[in-house]
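Biologist: Please show me how to read a model like this one, feature by feature.

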Amino acid sequence: MELDGQGAPLWRYWGPLLGKAAVPRRSIREERPTPSFSLDLDQPLSVFPTFGVGWFEQSALLAHRQGRRFEQFFTQCDVEWVVAGRSVRLRLRDALAEVAVIVSLKLDDDALTLSSELTNLGETELDVQWLAAGVVPLPGDADVVRSYGGRHISEFHPQDDRLHRGLWRRENRRGLTSHDNFPGAVVTTPGCTAHEGLAYGAQLAWSGNHVQTIEGLNDGRFQWQMGVWLAPGEGFLAPGGTLASPEMVATCSMRGLNGVAQNFHKAARARLNWPTGSMRPRPVSFNTWEGNYFDHWLDDLKAQAEIAAELGVERFVLDDGWFQGRQNDRSSLGDWWPDKSKYPDGLGPLIGHVRGLGLEFGLWVEPEMVNPDSDLSRAHPDWALQIPGRPLITARNQLVLDMTRSDVGDYLFSRLDHLLTEHPIAYLKWDHNRDLTTAGTSDGRAAYLAQVSATYALLDRLRTKHPGVEIEACAGGGGRIDLGILARTHRFWTSDCIDARSRVEIQRGFLQFLPPEVMGAHVGASPAHTTSRMQSLNFRAATALPGHFGVELNLRGLDQEECAELKSWIEFYKTWRDRLHSGAVWMGEGTDGLVWQAHGDVEAHEVLLFVTRLDPQTLRHSVPVRLPMLDHPSVYRVEPLRSGASAIEASGAWLASHGLAVSPMQAEKCRIYLLRRGA
Ligand code: DGJ
């Protein structure tokens, strides 16, 4: 960055690391004469461009005071180093517009974390329409932006758009992170592949409405902005009021998309807040949902827990259906005490049984929701987000509680606190099964933004009181996957689609941004409940294996052979989970329908490789799979695991350039190899 007199520092460069000596001492303005039909005040991209005084491209702030003071232009910039050369706070001030902005930038390893905070210094209300969390430059040859979206049971579909001189924009107005628009993207330059070339990535640490834009600039570069999408009125700042953005985490790599993913994984790992300070091996989970839905029979659940224990499961999660009156999805959300007909003596007997078998106990909750048909709603019909005169629009028969109300927050805290205090519950699965609409508070103001902050506050309050409890973030599967909620939780339920074939793609999208140890991945039933496709237990288990592994089917329906097979997969997961959940992940595509994924230490001394065939082979012979991340001069021993085939030895150069020969495979099959680097 270049200090620009009093204004916000100018962006000179963001890219692969440069030596200090490489930076020219000349100002960017000295390098570019004023073109024709241009203002004499040249304004290159700054870290916080503002509207109305010479900047024509997207600004980081849009605000006014009752139609006046629509422009901002900083008159003061104080640089405050938090850590020299690594973390800085830029204190910007515009004396005329009477606003102060703090732009924070922090560089950890390869992750650049940006955020901004705006304060209204004036004596009238300031109406803010846009406040960017961060603004970063992209080079002029930035070529394609890949963003991700989809829908419930079909998350993380990549969407490639060619960048151009105009504006690329993606917005989410669903109130929570959403299945539809993941708050992040990756950008490639020409020739960039999964493994090499210059790639960039950024994601917003926020679980609500969001915007991301990439705009072509006059000087050939691009600027990338992210921030919260503000509903009308959400940016009203009273005199002295402050609006703080969430963090934008950005990175770049010369090692292509995998380099970006690895940097993101490191950044996400640094944000995770584990109960004991560091991650313990991710326990094998058993979740009751797809195997039982709302049918909870105590003896039956106990029997399933016994089988789970026998198979090596370590955590039993009682999903939806346990609380008062909950027979289906039409009632009872909000009434967070055990259903008397299903659990006449409360949850104690089941929890005692599960723990007696040596398993942890986890419980599903959906705190932010209420069914109109519930005691809670009957007692407090005004607690749901609503706008007088507008229809109350339900989704899955439920409404959203106004989390900004202190009585709502206190009620939810007391119910959850009671459950966690009363019982040895080690884990909560925290669900959120609808988008937000008519999200108004009792005084008629939009509550989208405040709703997210209030949910974070409830999570923080609970975690302070119960620091040992792990939490899974779920919103109909992958509707709330982001770095914001990650700082308060320990696992994502990646998708309600457990069809292994669909999961391969969903998980690859997830892994572009977040590490495998927080990616909930289960062995589901065959046929899969959401697609009716049939898959072998082998394929289902191998696909779930790299993530935080679990089982979600009725174990009483398995025969002896299936139980033995599942047990051996659970043992296998336990053997390899440390390797799977630390270090680097590489993803690649082979020719003719093969995809692969490798987990290993960053130096690729030891790598666990998964080669998956999704569709039938079209060529007579299968094409070797190239593994470019291997060290060329080293010799690797490649051992096929869980197969009778014998190991081979080959140089890294051979495996990277010629590739690993993979014998023909049928569709929906996965092979696993262990690669160990020798001399
Ligand atoms: C949606 C979740 O994604 C499922 O796993 C399950 O917990 C259901 N909700 C329960 O209603």
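Modeller: Start with Pro527, which lies in the loop between β27 (519-523) and α11 (537-544). Helices (H or I, at least four residues) and strands (E, at least two) are DSSP runs, numbered from the N terminus. The peptide bond that joins Ser526 and Pro527 is cis, with omega about 0°.

Biologist: Before we go on, what kind of model is this?

Modeller: This is a predicted model, so local features need pLDDT of at least 70 and side-chain atom pairs count only at pLDDT 80 or more, while totals for chains, interfaces and linings use all residues. Residues are numbered from 1 along each chain as its sequence is written, and side-chain values use heavy atoms, with hydrogens and water left out.

Biologist: How many helices and strands does the protein chain have?

Modeller: The protein chain has 13 helices and 34 strands. Its C-alpha atoms fill a box of roughly 80 × 70 × 40 Å along the principal axes. The radius of gyration is taken over C-alpha atoms, and the globule rule is 2.2 Å times the number of residues to the power 0.38. For 679 residues, a compact globule would have a value near 26 Å, and the protein chain agrees with 26 Å.

Biologist: What share of the 679 residues counts as buried?

Modeller: The share is 58%. Buried means under 20% relative accessible area, exposed over 50%, and partly exposed in between (1.4 Å probe, protein chains only). Strand β30 (residues 594-600) is a clear case: 7 of its 7 residues are buried, so the strand is largely enclosed by the rest of the structure.

Biologist: Which residues point each way from β30?

Modeller: Leu594, Trp596, Ala598 and Gly600 point one way, Val595, Gln597 and His599 point the other way, and all are buried.

Biologist: Which strand do 6 bridges join to β30?

Modeller: That is strand β29 (residues 584-589), and the two run antiparallel. Two strands pair if DSSP finds at least two bridges between them. Val585 has His599 in β30 as its bridge partner. β29 and β30 form a hairpin with 4 residues between them, and Asp592 in the turn has a positive phi of about 60°. β30 also pairs with strand β31 (residues 606-613), in the antiparallel sense over 7 bridges. There, Ala598 has Leu609 as its bridge partner.

Biologist: Which residue takes a positive phi in the hairpin of β30 and β31?

Modeller: It is Ala604, with phi near 60°, in a hairpin that has 5 residues between the strands. Ala604 is not a glycine, and it is buried, with a relative accessible area of 1%. Ser332 is another residue that has a positive phi, about 85°, although it is not a glycine. Ser332 sits in the loop between β20 (315-318) and α5 (348-356), and it is buried at 4% relative accessible area.

Biologist: How many residues of strand β8 are buried?

Modeller: In β8 (residues 126-138), 12 of 13 residues are buried. Strand β3 (residues 61-64) is antiparallel to β8, with 4 bridges, and Leu61 stands opposite Leu131. Strand β15 (residues 222-228) pairs with β8 over 6 bridges, also in the antiparallel sense, and Phe222 is the bridge partner of Leu138.

Biologist: What joins the side chains of Arg282 and Glu470?

Modeller: A polar contact of 2.9 Å joins them. Such a contact is a pair of N or O atoms within 3.5 Å; within protein, one must be able to donate a hydrogen and the other to accept it, and residues adjacent in sequence count only if both atoms are side-chain atoms. Arg282 is buried, with a relative accessible area of 1%.

Biologist: Which residues come nearest to the ligand?

Modeller: Of the 13 residues around the ligand, Asp319, Asp320, Lys429, Asp431 and Asp496 come nearest. A residue is near a molecule or strand if one of its heavy atoms lies within 4 Å of it. A polar side-chain atom of Lys429 lies 2.7 Å from an oxygen atom of the ligand. For Arg396, a side-chain N or O atom is 2.8 Å from a ligand oxygen atom. Gly477 brings a backbone N or O atom to 2.9 Å from an oxygen atom of the ligand. The protein covers 98% of the 290 Å² of accessible area that the ligand has on its own.

Conventions. Accessible areas come from the Shrake-Rupley method with a 1.4 Å probe; for residues, only the protein chains shown count as cover.
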